[in-house]
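Here is a short briefing on one protein chain. Look through the sequence and the 3D view, then read the points below.

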Amino acid sequence: AFRSCSSLTTVTIPTSVISIGSEVFRDCRNLVTVNFNATNCTSIDSDTWVNCPNFTTLNLGNGVTRIPSKGFQGATGLESVNIPNAVTNIGDYAFDGCTSLATVGFGNAIVLV
């Protein structure tokens, strides 16, 4: 849907989204911020954020309870994530390939990776 969209810098996934297909944001090289508010999202396919080297900020909405498998796989520029207290499940490979991820917050706790 947005593959190779060079002018895309910020994406907000609203609460109404229940599924995100494969490679939707692939090669969006100027994408920096993803505001993920999809509280009912049960499916995010693989490679959604592949080749998005400037993707550094992920804001998870307070109502998000689950981070789907492979949700942010391949977001190589992602440096920091704060996971809200409401999250009770993080799927397999959710942050696979996030080679710059240095800090993960779990509510009030912070873990340095």
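Buried means under 20% relative accessible area, exposed means over 50%, and partly exposed lies in between (1.4 Å probe, protein chains only). This is a predicted model, where local features need pLDDT of at least 70, side-chain atom pairs count only at pLDDT 80 or more, and totals for chains, interfaces and linings use all residues. Residues are numbered from 1 along each chain as its sequence is written, and side-chain values use heavy atoms, with hydrogens and water left out.

**Overall build**

- The protein chain has ten strands and zero helices. Both are DSSP runs numbered from the N terminus: helices are H or I with at least four residues, strands are E with at least two.
- Along the sequence, the pattern reads β-β-β-β-β-β-β-β-β-β.
- The radius of gyration is taken over C-alpha atoms, and the globule rule is 2.2 Å times the number of residues to the power 0.38. For 113 residues, a compact globule would have a value near 13 Å, and the protein chain agrees because it has 13 Å.
- Its C-alpha atoms fill a box of roughly 35 × 30 × 20 Å along the principal axes.
- Of the 113 residues, 41% are buried.
- Contact means heavy atoms within 4.5 Å. Among contacts with a separation of 6 or more, 38% join residues 24 or more positions apart.
- The accessible surface is about 5600 Å², and 48% of it belongs to carbon and sulfur atoms. Such areas come from the Shrake-Rupley method with a 1.4 Å probe; for residues, only the protein chains shown count as cover.

- Strand S7 covers residues 80-83. Val 81 and Ile 83 form its covered face, while Ser 80 and Asn 82 form the uncovered one.
- Two strands pair if DSSP finds at least two bridges between them.
- S7 pairs with strand S5 (residues 57-60) in the parallel sense, over three bridges. Here Leu 58 stands opposite Val 81.
- S7 also pairs with strand S9 (residues 103-106), again in the parallel sense, over four bridges. Val 81 stands opposite Val 104 there.

**The loop between S2 and S3**

- Strand S2 spans 19-20 and strand S3 spans 33-36, and Asn 30 is in the loop between them.
- Asn 30 counts as partly exposed because its relative accessibility is 34%. Leaving out residues up to four places away in sequence, Asn 30 touches Ser 6, Leu 8, Thr 9 and Asn 54.
- Asn 30 and Asn 54 are 24 residues apart in sequence, yet their C-alpha atoms are 5.9 Å apart.
- Arg 26 sits in the loop between S2 and S3 too. At 18% relative accessibility, Arg 26 counts as buried.
- Beyond its neighbours within four places, Arg 26 contacts several residues, including Arg 3, Asp 47 and Asn 51.
- Glu 23 lies in the loop between S2 and S3 as well. Its relative accessible area is 25%, so Glu 23 is partly exposed.

**Positive phi angles**

- Glu 23 is not a glycine, yet it has a positive phi of about 60 degrees.
- Lys 70 is also a residue other than glycine, with a positive phi near 60 degrees.
- Lys 70 lies in the loop between strand S6 (66-67) and S7. Lys 70 counts as partly exposed because its relative accessibility is 33%.
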